[in-house]
Amino acid sequence: MDLMGDIGLADQLTSVREENKVLRAKVKELTEQVKDLTLTNAQLLAEVEMYRHENSLPTFSQLALGGNSTLLKTNDHKDNTTINNGIEDDNVHFISSGDGIFASELAASFPDVHGLSTNPLCCALDKTDTILATGGADGYVCIMRWGTALVPGENSVQKALQDAAKVRCTAPVICIGFSTKNRCNLLAAGCMDGNVHLIAYKVAACGQMSGWILDVVEGGDRIKFGKYVKCLAFAPESNMLASASADGTILLTNILTAARGGKGGVSDEDGNGDYSLMMVESDDSVTNDAIIVEQIKSVHLKGGVEALCFVNQGNTLCFYERDTSYLAYLDVMGDFKITKYSLNGDVTGGFD
């Protein structure tokens with residue numbers, strides 16, 4: 001017998017068995033990871049499909065083009081609501097989309113802002129119309145000086161994109177809104193996971209943009225919904241932000257920030273320790289801004305909110321609730337009374 005040969009074969013067999021154990025354990029681990037990733041992918045696909053389905057349903061624009069509006073006031077004291085279903089003055093035109101002025105030629109085009117295979121989902125201009133922000137399915141907010149693309153030269157568009165700031169959010173960005181307050185470089189981004197991120201930005205002397213998500217002061221409220229964010233808007237020249245979700249919730253919040261510093265830990269530019277919405281573009285210290293989010297009011301509706309905006313110098317919030325035939329006006333400076341205006345002349349009642 002070849003005893004040494006048998007011992008060698010036995011050692012090889014033992015080694016192979018041990019390697020097989022390690023490989024089986026690794027295969028099991030990878031299989032579990034694949035299951036987790038498959039489940040996560042299925043959940044994301046379900047959310048996207050739900051979002052597509054809800055967007056395919058009738059919107060305010062479709063309802064608004066359906067007939068003459070009528071007005072007649074009745075009061076419902078139970079939910080602090082006023083409904084309007086009577087005859088409107090003939091001199092008042094029916095609500096229609098747009099003001100009849102439309103773009104006639106392309107000013108600038110930015111290819112692949114969010115990558116080769118990622119779609120931009122929303123965009124907005126700041127108060128001066130010089131800063132453009134876009135939100136993408138990649139979860140990034142891109143902030144740029146879009147006018148740079150109009151400078152004569154072959155690489156002007158590329159220059160605008162190179163100088164742009166990209167800020168990572170927690171999910172695909174569905175809606176964006178800029179603050180309209182003077183000297184306030186702030187925007188809000190609503191995401192598919194229900195989060196609203198508050199982003200500060202500035203322009204360096206060389207033209208390079210920078211942006212960052214502001215941290216909420218410990219103990220402050222964060223803006224978070226149960227479903228994805230549909231729309232948001234800042235009140236004119238105000239700290240107030242209105243945001244709404246597909247779950248039917250509208251949140252009114254005050255956004256207060258101040259640069260960290262001074263003995264009190266937080267101070268405004270006068271050093272008096274008060275909170276104010278103040279972001280000075282040329283001051284690098286704003287990169288460490290603290291932010292306070294104060295919830296003013298929450299409104300809970302049966303349907304998702306398709307669109308909203310501030311009117312009446314920011315004293316009233318106008319919004320449209322899905323599957324309804326009226327516009328609603330919320331008095332944000334008074335008792336938060338809701339007044340509803342019917343968009344269909346022949347419809348009466350049914351405004352629970």
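Tyrosine 329 is partly exposed, with a relative accessible area of 23%, where buried means under 20% relative accessible area, exposed over 50%, and partly exposed in between, using a 1.4 Å probe and protein chains only. Tyrosine 341 is likewise partly exposed, at 26%. The model is predicted, so local features need pLDDT of at least 70 and side-chain atom pairs count only at pLDDT 80 or more, while totals for chains, interfaces and linings use all residues. Residues are numbered from 1 along each chain as its sequence is written, and side-chain values use heavy atoms, with hydrogens and water left out.

A pair of aromatic rings is described by the distance of the centres and the angle of the planes. Rings of Phe, Tyr and Trp (its six-membered ring) pair if their centres lie within 6.5 Å, and planes under 30 degrees apart count as stacked, over 60 as edge-to-face and the rest as tilted; by this rule there are 2 aromatic pairs. Phenylalanine 178 and tyrosine 201 are both buried.

Tyrosine 329 and tyrosine 341 also form an edge-to-face pair, 5.2 Å centre to centre and with 90 degrees between the planes. Because tyrosine 329 lies in strand E18 (residues 326–331) and tyrosine 341 in strand E19 (residues 338–342), the pair ties together parts that are 12 residues apart in sequence.

Phenylalanine 310 has leucine 317 in E17 as its bridge partner. The two strands, E16 and E17, form a hairpin with 4 residues between them, and asparagine 312 in the turn has a positive phi of about 55 degrees.

Technical notes:
Pairing = 2+ DSSP bridges.
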